[in-house]
Structures are given as structure tokens and as C-alpha cells.
Amino acid sequence: MASSMPPEAILEGAAKPSGSEQSVLEKHVAFFDRNHDGIVYPWETFEGFRAIGAGYLLSMTGAFLIHFALSSKTRPGKYPSPFFPIEVKNIHLAKHCSDSGVYDSDGRFVSLKFEEIFRKFARTHGNALTSGELMAMLKANREPQDYKGWIGSWTEWMTLYNLCKDNDGLLRKEIVKGVYDGSLFERMERDRKPHRK
């Protein structure tokens, strides 16, 4: 069904006009590019997870799994690397199935899909998801026999839920939006810096 909304209401982080701007998905991943060279290595992902408050085990496991799963997809036509780098500019090539559809195939933010998450699944509170509502969303997004996609989505969302739920066990809409555009990671790191001193 065609939408009568203007394209800018549907897509954010549109295609890179001059090659200098990042898509929203690239911004999401760029937080983990700790040296800003356009390539994310597992040790940078580990450092990024630690910076936002993840424990050592989650940070190590997450870094390993993410790089093992995504590295070759973001490096088409290149030999596999024992360092499992992820090229930020090609992260859209690693987008998996059974997801929310909030990122399109070019890594742009689809605001209608984002709003749909809360319109369909946030039954208890209109601007937040409970753990049960989150599980219902994951189940609804599953594509048949896409086991890797199911695991990928479950891992991403449960990590987010466990790191960012509030004291009432709710995952707030503004938190989810911040994950999609990468701004949440920067904010979490800033908020943690006073605690580390």
C-alpha cells in the first residue's frame, strides 16, 4: 500500500549525497569505531561495550559474535581476515532478516516502521515495551526458518533490554530511538564517565 506521507517522513538518514554523511545505521555502528578510521575491530567493540556499562563477559562474547557474524558480509570480494574487521560504510550489507524493518536495505531509518513497533506491541504503556511485549514483537518479526535472524534479533534486543530497561522493567521509546541512531551509546558513555573517576 502506497503512503501519502512525504518521503522525509518515512526515511531519515537518507542516501549520502556527497559521500561525507553517514546513514543512520552507519552512525549506530560508528560508536564502536573507537579510532574513527571507518573499520571496527573486535577490541574496539569490546571497548565500546565496556564504555556503555556492559560487563566483561557480555563485552567479550558480544565482540566475538558480532565480528564473526558480520565481518565477511561488510567486506565483499575481500579475503577473510583473522582480525574480523567490520567496514562501517558497508554495514548495510550485514543487515539480517527477521528484524523490525526500521533500517531499510541502505541503512536509512524508516520512521513508520519505528512507530509501528510501539503502535503494535506497546500495550501496557504506549511509549515503552515490557519484556513480554518485546518477546511478542520478536516472535511476530520472525521469518520462517531464518534461525540466524531469530538469534540475531533476540540477542540484540535482549542486550538492549538488559542494559537499558528502567526501574519498572520498561524499555522506553526514546531509548530505542537512540539505539537506532547511535546517540544512546554516546549518552551512556558520557553518563558513565563521572562514575569511573
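Glu-189 and Arg-34 pair up in a salt bridge, with their closest N and O atoms 2.6 Å apart. Glu-189 sits in helix 9 and Arg-34 in the loop between helix 2 and strand 2 (39-40), so this pair ties together parts that are 155 residues apart in sequence. Keep in mind that this is a predicted model.

**The Glu-189 and Arg-34 pair**
- Glu-189 has a relative accessibility of 12%, and because buried means under 20%, Glu-189 counts as buried.
- Arg-34 comes out at a relative accessible area of 22%, so Arg-34 is partly exposed.
- The model has 12 salt bridges in total.

**Other salt bridges**
- Side chains of opposite charge can pair when their charged atoms come close.
- Asp-104 bridges to Arg-108, and here the closest N and O atoms are 2.8 Å apart.
- Are Asp-104 and Arg-108 buried or exposed? Both of these residues are buried.
- Glu-116 forms a salt bridge with Lys-120, with 3.9 Å between the closest N and O atoms.
- Both Glu-116 and Lys-120 belong to helix 5, where they lie 4 residues apart, about one turn of the helix.
- An α-helix has 3.6 residues a turn, so residues three or four places apart point the same way.
- Glu-116, at 22% relative accessibility, is partly exposed, and Lys-120, at 44%, also counts as partly exposed.
- Which residues do salt bridges with shared partners join into one network? The network is made up of Lys-113, Glu-116, Arg-119 and Lys-120.

**The largest pocket**
- Rolling a probe the size of a water molecule over the atoms shows where empty space is left.
- The largest pocket has a volume of about 1,400 Å³.
- There are 48 residues lining the largest pocket, and the closest to its centre are Ile-66, Leu-70, His-96, Gly-152 and Glu-156.
- Two or more lining residues come from each of helix 2 (24-30), helix 3, helix 4 (56-70), helix 7 (147-164), helix 8 (173-181) and helix 9 (183-196).
- Which helix gives the most to this lining? That's helix 7, with 13 residues.
- Sorted by class, the lining of the largest pocket has 30 nonpolar, 12 polar and 6 charged residues.
- Domain 1 (22-94) and domain 2 (96-189) each put at least three residues into the lining of the largest pocket.

**The second largest pocket**
- The second largest pocket has a volume of about 160 Å³.
- Its lining includes Asp-99, Ser-100, Gly-101, Ile-117, Phe-121, Met-137, Ala-140 and Asn-141.
- Lys-113, Glu-116 and Lys-120, from the salt-bridge network, are also among the residues that line the second largest pocket.
- Helix 5 (111-121) and helix 6 (131-141) each supply at least two residues of this lining, and helix 5 gives the most, with 5 residues.
- By class, the lining of the second largest pocket splits into 4 nonpolar, 3 polar and 4 charged residues.

**Helix 3 and what follows**
- Helix 3 spans residues 42-51, and its buried residues include Pro-42, Glu-44, Thr-45, Gly-48, Phe-49 and Ala-51.
- Helix 3 is also one of the elements that give two or more residues to the lining of the largest pocket.
- Just after helix 3, Gly-53 takes a positive phi of about 105 degrees.

Note on methods:
Residues numbered from 1 in each chain as written. Predicted model: local features only at pLDDT ≥ 70, side-chain atom pairs only at ≥ 80, totals over all residues. Heavy atoms only, no water. Buried < 20%, exposed > 50% of the residue type's maximum accessible area, 1.4 Å probe, protein only. 1 Å grid on protein atoms, 1.4 Å probe; cavity = no way out; pocket = protein on both sides within 12 Å on 5 of 7 lines; lining within 4 Å. Points joined across faces, edges and corners; volume = space filled by probe spheres on them. Nonpolar A, V, L, I, M, F, W, Y, C, P; charged D, E, K, R; others polar. Domains from an automatic or database assignment. Salt bridge = Lys/Arg side-chain N within 4 Å of Asp/Glu carboxyl O.
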